[in-house]
Amino acid sequence: MKKVLVEANINGETVEFLCEARQSLLETLRDVLNLTGSKEGCLTGDCGACSVMVDGRVVCSCLMLGAEAAGKNITTVEGLATGNQLHPLQQKFLENAALQCGICTPGFLVAAKALIDKNPNPSEEEVRYALAGNLCRCTGYDKIVRAVIEAAKAVKSGAAESRAGAR
Amino acid sequence: MHARPGGLVTLHELNYAAPNSVAEAVQILRQHGENARPLAGGTDIIIQMRAGVRHPTHLVDVKKIPELRELSFDAKSGLKLGAAAACVEVYENRDVKRHYPGLAEAAHLIGSLQIQNRAAVGGNLCNGSPAADTTPALIVLGARARIAGPNGEREVAVEDFCVSPGRTVLQPGELLVQILIPAPAPNSSDAYLRLIPRNEMDIAVVGAGVALTLDGDKVKAARVALAAVAPRPLFVAKAGEALAGKKLDDASIAAAARAAMDASTPIDDMRGTAEYRKHVVGVLTRRAIKIAAQRARNAGKA
């Protein structure tokens with residue numbers, strides 16, 4: 001069994017790990033690194049439950065090899081909160097009941113973060129398009145969309161507050 | 001495929017290499033022949049490996065090879081599109097958006113953002129699906145595939161690249177290096193339209209790509225290509241000929257659409273009947289011609 005030595009930046013930390021060449025990034029995150037937040041849904045790139053960010057872009061970790069993470073900056077759902085403080089996306093998902101079973105939620109959070117990082121003021125249509133690669137069987141999507149729009153506003157006003165505080 | 005406790009599956013035993021040059025990559029591909037496959041975005045090959053459709057023992061990650069990551073435009077020589085350049089890089093590229101908007105929109109239709117952020121346009125071509133979205137967009141631009149192999153380099157017109165579903169002209173040991181797209185002539189532009197059953201995340205029922213060059217209110221040159229209505233991406237020479245030298249009006253557009261419909265050989269499947277697909281070929285061809293023409297007029301003014 002051949003292993004690959006990989007160094008990557010995961011949620012802001014430099015990490016060095018060994019994975020088998022055949023292990024996907026999803027398997028590597030879950031089984032090698034114990035980052036079980038990313039979920040296995042379809043293994044065909046259709047459901048988005050395995051979504052992570054690689055160098056700022058949302059991708060399906062089930063369609064990448066662990067070996068391909070070398071030198072990349074990876075953000076998983078575990079990287080959203082700061083200590084015990086939830087990211088506004090997580091907070092707004094809770095407030096809006098944007099989850100039921102929760103299996104799709106990590107993927108949605110990551111995809112939503114990738115969206116609002118680039119587009120701080122997305123329209124509803126832009127949110128729905130950006131999340132088209134994520135499937136939810138429980139909520140019917142409406143509350144998820146509302147949560148993302150509210151979170152985008154919270155991030156914007158939070159940023160404004162920080163700037164005001166810094167003066 | 002191997003099952004793990006809990007029923008999770010993992011891939012078969014694999015060797016992974018990430019060479020830094022075309023020569024190195026060709027050497028590995030030649031050494032292992034049918035058992036080696038290049039890895040660009042992975043969004044087709046990894047799914048196929050899990051499904052047991054393809055089973056390479058060696059994956060050659062080509063994303064460290066500079067020529068395959070290149071995306072450079074020159075007003076005289078056109079666009080060099082590295083085989084491993086991701087869809088997102090292509091449609092965010094300023095020169096592609098300006099000079100080849102049809103190619104940009106084709107790359108932006110594939111799958112989801114997750115897929116577009118990894119999938120390579122070169123991989124879309126090499127996967128050899130008759131329904132590939134970027135292939136007709138490349139064909140109508142007169143794109144050529146630059147291939148490297150054990151016997152040196154060769155070029156193949158993209159319309160000749162795909163042979164049958166899943167099969168291309170690539171021989172064991174060969175690697176697609178770049179796709180070369182000619183510089184746009186003045187008053188030229190392109191468009192790509194696709195019909196799918198859902199809003200996103202689906203495979204084309206019909207895809208239609210058009211590129212044309214205007215000369216006043218006449219068409220100087222035109223090319224039409226179709227996705228998902230033949231065993232391979234289909235270049236319809238007769239559709240372009242129906243427009244070339246003619247005034248662009250309802251009659252010439254209808255003639256081009258008719259030629260496209262006649263050339264298509266769609267099948268019945270779960271996404272639509274052959275009859276429906278033929279009808280949609282006509283609809284999308286007409287619309288794509290009009291969009292490309294409007295863009296060509298605007299390009300002329302810019």
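**Entry 1: the interface.** I started where the chains meet: 25 residues of chain A are in contact with 26 residues of chain B (contact: C-beta atoms, placed from the backbone, within 7 Å). I noted that this is a predicted model, in which local features need pLDDT of at least 70 and side-chain atom pairs count only at pLDDT 80 or more, while totals for chains, interfaces and linings use all residues. Residues are numbered from 1 along each chain as its sequence is written, with chains lettered from A and ligands numbered from 1 in the order in which they are written.

Which element gives the largest share of chain A's side? I found strand 4 (residues 57-60) of chain A, with 4 residues. Helices (H or I, at least four residues) and strands (E, at least two) are DSSP runs, numbered from the N terminus. By type, I get 12 nonpolar, 6 polar and 7 charged residues on the side of chain A that touches chain B. Nonpolar here covers Ala, Val, Leu, Ile, Met, Phe, Trp, Tyr, Cys and Pro, charged covers Asp, Glu, Lys and Arg, and the others, Gly among them, are polar.

**Entry 2: chain A overall.** I counted 5 helices and 5 strands in chain A, running β-β-α-β-β-β-α-α-α-α from the N terminus. The radius of gyration of chain A is 16 Å, close to the 15 Å from the globule rule for 167 residues, so chain A is as compact as a globular protein of that length (radius over C-alpha atoms; the rule is 2.2 Å times the number of residues to the power 0.38). The C-alpha trace of chain A spans about 50 × 40 × 25 Å along its principal axes. I see 47% of the 167 residues of chain A counted as buried (20 or more other C-beta atoms within 10 Å of a residue's own, with C-beta atoms placed from the backbone).

**Entry 3: the parallel sheet of chain B.** I traced 3 strands in an open sheet, order 3-5-4, paired in parallel (a pair needs at least two DSSP bridges). Strand 3 (15-17) and strand 4 (36-39) of chain B are the edges, each pairing on one side only. Strands 3 and 5 (residues 58-61) of chain B share 3 bridges, and I found B:Ala17 opposite B:Val60 in strand 5. Helix 1 (residues 22-32) of chain B lies across strands 3, 4 and 5, at about 165° to strand 5 (axes are lines fitted to C-alpha atoms, for helices over the stretch in contact, and angles run from 0 to 180 degrees between N-to-C directions).

**Entry 4: the antiparallel sheet of chain B.** Next I followed 4 strands in an open antiparallel sheet, order 13-14-15-16. Its edge strands are strand 13 (188-195) and strand 16 (234-235) of chain B. Strand 15 (residues 218-227) joins strand 16 of chain B by 2 bridges, and B:Ala225 stands opposite B:Phe235. Helix 12 (residues 274-301) of chain B packs on this sheet, touching strands 13, 14 and 15, at about 35° to strand 14 (206-215).

**Entry 5: inside chain B.** Which residues touch the most other members of the largest nonpolar core? I got B:Val206 and B:Val210, out of 152 residues (a core is a set of buried Ala, Val, Leu, Ile, Met, Phe, Trp, Tyr and Cys residues joined through C-beta atoms within 7 Å). B:Val210 has contacts including B:Val140, B:Ala222 and B:Ile289.

I also checked B:Leu125, in helix 8 (residues 121-127) of chain B. B:Leu125 is buried, with 26 other C-beta atoms within 10 Å. Among the residues B:Leu125 touches are B:Leu138, B:Phe161 and B:Ile179.

Conventions: Two residues are in contact if their C-beta atoms, placed from the backbone, lie within 7 Å. A residue is buried if 20 or more other C-beta atoms lie within 10 Å of its own, exposed if 12 or fewer, and partly exposed in between; C-beta atoms are placed from the backbone. Lists of a residue's contacts leave out its neighbours within four places in sequence.
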